[in-house]
Amino acid sequence: MATFRKILNPISLKNLKLKNRIVMPPMCQYSATDGVPNDWHLLHYTSRAVGGVGLIIVEMTNVAPNGRITPRCLGLWNDEQQQVFARLVDSVHAQGAKIGIQIAHAGRKAQDEPNAVAPSAIHYGELDYAGQNLITPKELTTDEVKALVGAFANSVKRAVDAGFDTIEIHAAHGYLIHQFYSPKSNQRTDEYGQDKMLFGEQIIQAARKVMPSEMSLIVRISAQEYGENGFDSDYGIEIAKRFSTAGADVFHVSGGGDGVLCEGKHPEFYAGYQVALARKVKHATGKPVIAVGMLDDPAVADHVLGMGDADLVAIGRGLLRDPYWVLNAQYQQNRSDGKEVQFVPRQYERGFV
């Protein structure tokens, strides 16, 4: 097995000092009640901290009740939610990891929400995956759009106060900010239709105002759409540049989210299939990027970093299967030459000798 050269190296993103380049990306657990985290979330995230992950990003956490994908999704719009999140942050910190949170609004993808809203009254598709008719969302008024910018800022401020180390704004995967910058889903005639990136820009600017200046702001974008008539990566680069100027420090680069996949519009699905998008955003903005997309093989993840295509790698499904992905990856590499495995809690050291 090739020696890992990059994935276990530390990195600093402003005041965010990470012990390695492994990111646990947001992955919804659909396990909350009234948006409040519970024992499942405490165990789920803390176990990945024990397992050596450098940066854990809490799943999509919503700025309003009607912004949740399902009623079991997390929220951060009230004091109770904030207080429980603070306990989760403390638990992860106690195990030596850093933790961020993804702040979001689902928009028209909140299909369990009778009051779903969107830039325009256009549903996500004719039918959902179960063959059921989709809700057509209500078009937001201009004043409601402006109020949502404030709602994002409120949730970001609460996350800062809860002790999170970094904030991620979810502007990808067909959720509300993506719906605004996508020409397919935004057919407004007001300022937010004439300038489709304005909503996302204002949210980033509002987030920066309530965050410490030295705290990193991550923005997740879809740098290309994969559905019929979806935008290409050149348009995605313009989004990244605009959001970079607005205050994004790091980009978490993905693609798709605009509906049913269209033949010829999406890449083949293979290890690292979205890395080219991360590389393009990195070169265009000069900002650090997190690469995503079937990077569960540690050798592949290390190669992506070694080639300079990204600064960090997100390991999603691999960390769902194995909370100790980082420890086990290093153990598999080092067991033949007797090297010590980094980041092992003293209680588990016997298992990695």
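Biologist: Why is F352 called buried?

Modeller: Buried means under 20% relative accessible area; exposed means over 50%, and partly exposed lies in between (1.4 Å probe, protein chains only). F352 has 16%, so F352 is buried. A caution on the source: this is a predicted model, where local features need pLDDT of at least 70, side-chain atom pairs count only at pLDDT 80 or more, and totals for chains, interfaces and linings use all residues. Residues are numbered from 1 along each chain as its sequence is written, and side-chain values use heavy atoms, leaving out hydrogens and water.

Biologist: Where is F352, and what does F352 contact?

Modeller: F352 sits in the segment after α11. Helices (H or I, at least four residues) and strands (E, at least two) are DSSP runs, numbered from the N terminus. Contact means heavy atoms within 4.5 Å. Beyond its neighbours within four places in sequence, F352 contacts L327, N328, Y331, V341 and V344. F352 and N334 are 18 residues apart in sequence, with 9.5 Å between their C-alpha atoms.

Biologist: Why does T61 count as buried?

Modeller: Its relative accessibility is 0%, so T61 counts as buried. T61 belongs to strand β4. Leaving out residues up to four places away, T61 touches L74, G75, L76, F85, I101, Q102, I103 and A104. The C-alpha atoms of T61 and S155 are 8.8 Å apart, although 94 residues separate them along the chain.

Biologist: What makes the E59–T61 pair a polar contact?

Modeller: A polar contact is a pair of N or O atoms within 3.5 Å; within protein, one must be able to donate a hydrogen and the other to accept it, and residues adjacent in sequence count only if both atoms are side-chain atoms. A polar side-chain atom of T61 lies 2.8 Å from the backbone oxygen of E59.

Biologist: Is R188 buried or exposed, and how do you know?

Modeller: Its relative accessibility is 7%, so R188 counts as buried. R188 is in the loop between α4 and α5. Its side chain has a polar atom 2.7 Å from the backbone oxygen of L140. The side chains of R188 and D190 also make a polar contact, at 2.7 Å. Setting aside neighbours within four places, the contacts of R188 include A118, P119, E139, F180 and Q194.

Biologist: How do you know that the span of α6 agrees with expectation?

Modeller: The expected span is 1.5 Å times one less than the number of residues. Helix α6, residues 198–210, has 13 residues and should span 18 Å; its end C-alpha atoms are 19 Å apart, which agrees. Its buried residues include L198, F199, I203 and I204. They pack against α3, β9, α4, α5, β10 and α7.

Biologist: What of α1?

Modeller: Helix α1, residues 39–50, has twelve residues and reaches 16 Å, close to the 16 Å expected. At its start, a side-chain oxygen of N38 comes within 2.9 Å of the backbone nitrogen of W40. After α1 comes G52, with a positive phi near 95°. H41, H44 and Y45 are among its buried residues.

Biologist: What makes a set of residues a nonpolar core, and which members touch the most others in the largest one?

Modeller: A nonpolar core is a set of buried Ala, Val, Leu, Ile, Met, Phe, Trp, Tyr and Cys residues joined through side-chain atoms within 4.5 Å. In the largest core, of 85 residues, those members are I167, I169, F199, V219, I221, F243 and F251. Helix α3 gives the largest share, ten residues. Another core lies apart, with 13 residues, including L16, V23, I57 and I290.

Biologist: How many cavities of 30 Å³ or more are there, and what makes a space a cavity?

Modeller: There is one. On a 1 Å grid over the protein atoms alone, a cavity is a set of points where a 1.4 Å probe fits but cannot get out; lining residues have an atom within 4 Å of a point.

How values were computed. On a 1 Å grid over the protein atoms alone, a cavity is a set of points where a 1.4 Å probe fits but cannot get out, and a pocket is an open set with protein on both sides within 12 Å along at least five of seven lines; lining residues have an atom within 4 Å of a point. Grid points are joined across faces, edges and corners, and a volume is the space filled by probe spheres set on the points.
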